[in-house]
Amino acid sequence: MRILVVEDDEIFRTLLTQRLNVECYAIDVAKDGVQGWEYASTYEYDLLILDLVLPKLDGISLCQKLRHAGYTLPILMLTSQDTSTAKIMGLDAGADDYMVKPFDEPELIARIRALLRRGSSNPLPTVICGPLSLNSSTHEVFYGEMALTLTAKEYALLEMMMRDSHHVFGSDEILESLWSSEEFPVDATVRSHMRRLRNKLTAVGAPPDLIATSHGRGYYLKILDLSTSTIAPARETPNLVTGNSPIEQSKSNELTQQTQYLELLNDTWQKHRSTCLERVELIRSTLDSLHLGQLTSPIQAEAYRAAHTLVGTLGTFGLDHAMRLARNLDQELHPDLYLEPYQAEFFRSFLNQLQQQIEQTLYIENLPTMVEDRPQAIEDSKSKPLQPEIRVLMVDNDPFFLETFPQYLKPYGFQVLTLNDPRQFWSVLESNHPDVLILDIQMPQINGFELCQGLRSVDPWQKIPVMFLSADSKAETQHKAFSVGADDYLCKPITAESLSDRIHNRLQRIHSIMN
Amino acid sequence: MSEKCILIIDDEESIQTVVEFGLKMTAGWEVISASSGNEGISRAQADHPDMILLDVMMPEMDGLATFRALQLNDQTRSIPVIFLTAKAQASEKRLFNETGVNGIITKPFNALELAQQICKVLNWTE
């Protein structure tokens, strides 16, 4: 695999090159953007590692220029700029991945491996060709049960042939992929490496023509049953380190399963990301109808279903933030709820964030962690004791609201305390210790924002969930609420069911974070 | 554990893929998929799976309707069914409870733990 590093910081460049050499990659370096362009447009690379800030031509412009000229190689951007804007600019310019300096070296290497695998015809870390197996994460190679000790170049040669086992590799192609342009290798170099690799293979019992020569064309891997050139299911993965205890082995199986699951999630995500975006568009057109006062029940039901499906799908891919945004929409668009045109704007802000999250997720980096509730057999839930009531303190100056809502909320397991004079807020708070606060914004004497700000600066109340409930649906008001420390913002009118769901979600989230 | 055959009925293709992968890899079970309630009912009649994972929210015929249809059919009545749902609210759970379904698994789920969850809900012993 051949990588071009475009980086102007000499110390960093040297360190990176040395590290990548250890990983058996052939490295070319360019010291500025213009040189980067010259190299990238002249030679074939499997990956480009690009600094953002470069003399002559910056990383973003170089990235755009390459993409514009039709180069599709994976690009990994490295930079010390940690702002989300910088990341978005980099990714939008055509980068495939983005890492902020200083970074964790093993993570960088793992990301490089992942990007390189994507370009190969077999995008999985473990490659198996008949009796040969190679693990690119550990660089271990086995022929049957026998381990092979290979040099960096021998390993790279074998990996290249194993990843594309139907292909005949010419000397030129091998030289271009595995040797950097400064090494000036010749055909004889390839021949001598091939010879040594063959010797090592025959020494562990492989047939002498496992690496076969097609005269005038090049080298290829001669495996009788090429259909086995695939990843091995966990159960059949060869025991990588001989003498493993059963526990270690089951751990390593678990690890292999997780790695392969992550790979599958990534593959599936690549295929289905666009479907998720289509669902976002469907919801968007529903919000347009809502805004124009033309929302009908079937349209609302369809948008609800789209949001609901997104919750399940995004969650299964481990995209928790996106899932929560979808869940908000799912709750707000429930077919039983009556929606007002003015709410469209508020929902759009969720939807835009959701769309952004989906668009920016190019790779699934981590396996989903399950913090939601566990599965349950129906029989169990029947005998479960009722949960203790959740104590809610509602501060609002609308007497009608304060009179009706506590009754509505009671069946959902809430005990609601009400307060219409915010001046008594602190004493009521101290004597009642509620689990959740629901604040109105516009109140005489003290407004909700001031109360929230006060809470966030006093120790025992810093973490209490605060939800604003207001008829004001303006984006700036909501923004202000979150900036003073709100956990959620809800618009009146709201149904008790919807409010109950939001409170439960909020508490569930806090509970899961604390555990 | 003996090899099981699971039918997943979900209109989301990505969920089908993930479920199939998880159950095959961790438990070695056979997985068949259907993308709609109607398709699911005919697969259940034809293939007699050991259990059915049924998505609640599907267009046209939803999970509840599909479940009722499965219950009314002599060939499929005895097949255990677990609902797959992104709903976690108590009110919804009560509603599902009344249908007589065997259990609920909430989305999102980790496909690597799914086989274990199914065994637990259905009391399948290893």
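Over which residues of chain A does pLDDT stay under 50? I looked up the confidence values of this predicted model before anything else. The stretch is residues 225-244 of chain A, for which the model has 33 contacts beyond four places in sequence. pLDDT is the predictor's confidence in each residue, from 0 to 100, and contact means heavy atoms within 4.5 Å. I found residues 371-386 of chain A below 50 as well, with 31 contacts in the model beyond near neighbours in sequence. Where pLDDT is low, the predicted coordinates should not be read in detail.

For chain A I noted an average pLDDT of 80, with 87% of the residues at 70 or above, that is, scoring at least 70. Helices (H or I, at least four residues) and strands (E, at least two) are DSSP runs, numbered from the N terminus.

Conventions: I number residues from 1 along each chain as its sequence is written, and chains are lettered from A and ligands numbered from 1 in the order in which they are written. Local features need pLDDT of at least 70, side-chain atom pairs count only at pLDDT 80 or more, totals for chains, interfaces and linings use all residues, and side-chain values use heavy atoms, with hydrogens and water left out.

Next entry, helix packing. I read the axes of helix 10 (residues 297-316) and helix 11 (residues 320-332) of chain A as coming within 8 Å and crossing at roughly 155°. Axes are lines fitted to C-alpha atoms, for helices over the stretch in contact, with angles from 0 to 180 degrees between N-to-C directions. Helix 10 of chain A is therefore roughly antiparallel to helix 11 of chain A (angle over 145 degrees). Residues of helix 10 of chain A that meet helix 11 of chain A include Tyr304(A), His308(A) and Leu314(A).

The axes of helix 11 and helix 12 (residues 343-360) of chain A come within 9 Å and cross at roughly 150°. So helix 11 of chain A is roughly antiparallel to helix 12 of chain A. On the helix 12 side of chain A, the residues meeting helix 11 include Phe346(A), Phe347(A) and Phe350(A).

Last entry, chain B. I located Ile41(B) in helix 2 (residues 37-47) of chain B. Ile41(B) counts as buried because its relative accessibility is 11% (buried means under 20% relative accessible area, 1.4 Å probe, protein chains only). Leaving aside neighbours within four places in sequence, I found Ile41(B) in contact with Met61(B), Thr66(B), Ala69(B) and Leu70(B). The C-alpha atoms of Ile41(B) and Ala69(B) are separated by 7.7 Å, at 28 residues apart along the chain.

Notes. Angles under 35 degrees count as roughly parallel, over 145 as roughly antiparallel, 65 to 115 as roughly perpendicular and the rest as oblique. Buried means under 20% relative accessible area, exposed over 50%, partly exposed in between (1.4 Å probe, protein chains only).
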